[in-house]
Amino acid sequence: MQRDSIDYRWRRHRLLAVFAIHAGIVVSASVLMAQDPAAILEDAIIKVVEACEPSVVSIARFKPSQIEQINEEHKIFGLNQHAVREVDVQPNDFGAGCLISPPSSLDRLVLTNFHVVRGGPVYPKYVGDDGTKLLIKFNDRRGCHGAIIAADPRSDLAVLKMDWEAAEIKPTDFPTFKWDTAAAPRKGQFVILLGNPYAIARDGSASVSWGLISNLTRQPISPNQNQFLDQDDQAKSSMLYRLGAVMQLDARLNLGLSGGPVLNLKGELIGISTSLAAIEGYDQSVGFALPIDSLTRRIIRSLLAGQEVEYGMLGISPGDIELQGLHTGLKQQTAAIVGKVAPGSPAHAAGIQPNDLIIEVEGKPVLSRFDLMRMVGLHSPGSEINVTVWRQGERPPRLDRTVTLAKWPMHDDEGIIETNPRYAPWRGLSVDYPTARDRLRDPTFDIRGLLVTKVKPNSAADAVKLQRGNFITHVNKIAVQTPAEFYAAVKKASGTVEIKLLGDPHSSIPEIRKGRVVRVPETAIAE
């Protein structure tokens, strides 16, 4: 058969038509016959880039010492010391960001990686206490300062608010990415990447690349991934990218591309690129991105609202196990095995036992402890999920358990930034789930109460000597076990409110051993 025969050309066009359709490009057969399908695909990519490029921004973090040093040098050499612009100075950190809008809002916020902006000012301040600034540059070369409204160390995501008024810029001058409607990313899907913050800052033009999603739940390979020794290592080990929550792309992402968009061929935002996952270990030659799907959208919604991102957990010590030789009859060859079950934990309450094999969560196979931690963690505390276990000796051995999740204890609680808490402090007092902070929680889970996370100085709560790390069990003799129950109880109360604290059975003081009762007045007591 000649390569230029009509039959060959027809087969080639039909094959490329299938390719184009799977890529999300809808064209008629007549158009395909009249035009090279590769050109059609090329045209589709160009249109997506043209439409989405104005939604990509450059982010630079500057410390005052940089500009002050250059100004001093200008002064010494008789130059105009006020001529230095922040864009002319090498930033401490740089990255890209994506313009998105909260639901039913015309405002524009920036979604990016937390490691790009960590140490930057927190809203409503646009200059940090140490003088640090975040400079946001747009594709039309205009720029303004930004501030963090929420940040989550575990997902390495942050959302920034811009000082539009000071820059005399209308937020609606820039389009936003569609981020909450796209279908979940798929292995083998074609994607477009935009980034290069230096170029955006200089000439407004983002660099473009494209490729395939090589894998959906890739865990970056690290030579030390089993050596999590100290507190900082524990915090890193629980980050989502360490649990396989990132997708692997067949394109290398240089350090400056962190925070940039990963788009499908419809121009919808389906991922946020990150170089952080590739810094460790042997995977530096490939790219990673946090996928945007139904579960990770919950993270983004929390950040857009200025709130802390919460993660669920079972309360077990999981391990990995190979199923070969166990005669389970299951198609999967590996699973997660339950080691210890903490007393009072969600797993304990649901009847999960040591040596149970966890094979599914919400109907999806669990192949390792990392799968389990990721799949459970992406659900919010207080939510109910279905966990399928395989228990040797039971008939039938396959058991479904409904688990109401606790809150994952954040190791890096100092990195959490929230400017609009879910619940406003009550009389200077902020509470959370008893497992909310790793440094303060009881390791046994055997606590029916709430953790005091903050006490505002000189507040009514401070006046009665409530402290961070206390556990509250009752409000006006009503038991409370969730933040929602606590704030509902205090909302109904008026005047002085009676708060009972968890007792310490090891204390020699009867009041503390039984549980101290404090009466919180409406206002702080004047000295």
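The model is predicted: local features need pLDDT of at least 70, side-chain atom pairs count only at pLDDT 80 or more, and totals for chains, interfaces and linings use all residues. Residues are numbered from 1 along each chain as its sequence is written, and side-chain values use heavy atoms, with hydrogens and water left out.

**The chain overall**

- The chain holds 15 helices and 27 strands; these are DSSP runs numbered from the N terminus, with helices being H or I of at least four residues and strands being E of at least two.
- Out of 527 residues, 50% count as buried; here buried means under 20% relative accessible area, exposed means over 50%, and partly exposed is in between, using a 1.4 Å probe and protein chains only.
- Take the contacts (heavy atoms within 4.5 Å) between residues at least 6 apart in sequence: 67% of them join residues at least 24 apart.
- The accessible surface of the chain is about 25900 Å², and 51% of that belongs to carbon and sulfur atoms; the areas come from the Shrake-Rupley method with a 1.4 Å probe, and for residues only the protein chains shown count as cover.

**The barrel**

- Six strands close into a barrel, in the order 7-8-9-12-11-10, with antiparallel pairing; two strands pair if DSSP finds at least two bridges between them.
- From one strand to the next, the twist averages 45 degrees.
- Helix 3 (residues 37-52) packs on the sheet and touches strand 7 (190-195), strand 8 (207-218) and strand 10 (261-263).
- The direction of helix 3 makes about 40 degrees with that of strand 7; axes are lines fitted to C-alpha atoms, for helices over the stretch in contact, and angles run from 0 to 180 degrees between N-to-C directions.

- On one side, strand 12 (residues 287-291) pairs with strand 9 (residues 246-249) in the antiparallel sense over three bridges, and Gln248 has Phe288 as its bridge partner in strand 12.
- Strand 11 (residues 269-274) also runs antiparallel to strand 12, joined to it by four bridges; there, Ser273 has Ala289 as its bridge partner.
- Five of the five residues of strand 12 are buried, so this strand is largely enclosed by the rest of the structure.
- Gly287, Ala289 and Pro291 point one way from strand 12, while Phe288 and Leu290 point the other way.

**Helix 14**

- In helix 14 (residues 483-492), the buried residues are Pro483, Phe486, Tyr487, Ala489 and Val490.
- Exposed Lys491 and Lys492 are on the face of helix 14 turned away from its buried side.
- The buried residues of helix 14 pack against strand 22 (429-432), strand 23 (450-455), strand 24 (471-475) and strand 26 (497-501).

**Val452**

- Val452 is found in strand 23 and counts as buried, at 0% relative accessibility.
- Not counting residues up to four places away in sequence, Val452 touches several residues, including Leu429, Ser430, Val431, Leu440 and Ile472.
- Val452 and Ser430 are 22 residues apart along the chain, yet their C-alpha atoms are separated by 6.0 Å.

**Backbone details**

- Tyr123 and Pro124 are joined by a cis peptide bond with omega about 15 degrees, and Pro124 is in the loop between helix 5 (114-117) and strand 4 (133-137).
- Another cis peptide bond runs from Arg395 to Pro396, with omega near -5 degrees; Pro396 is in the loop between strand 18 (384-390) and strand 19 (398-404).
- Glu168, in the loop between helix 6 (164-167) and strand 7, has a positive phi near 55 degrees though it is not glycine, and is exposed with a relative accessible area of 72%.
- Arg427 also has a positive phi, near 50 degrees; this residue lies in the loop between strand 21 (417-418) and strand 22 and counts as buried at 16% relative accessibility.

**Cysteines**

- With a disulfide taken as a pair of cysteine sulfur atoms within 2.5 Å, the count comes to zero.
- Cys98 is in no disulfide, and the nearest cysteine sulfur, that of Cys52, is 9.8 Å away.
- Cys98 counts as buried at 0% relative accessibility, and Cys144 counts as buried at 4%.
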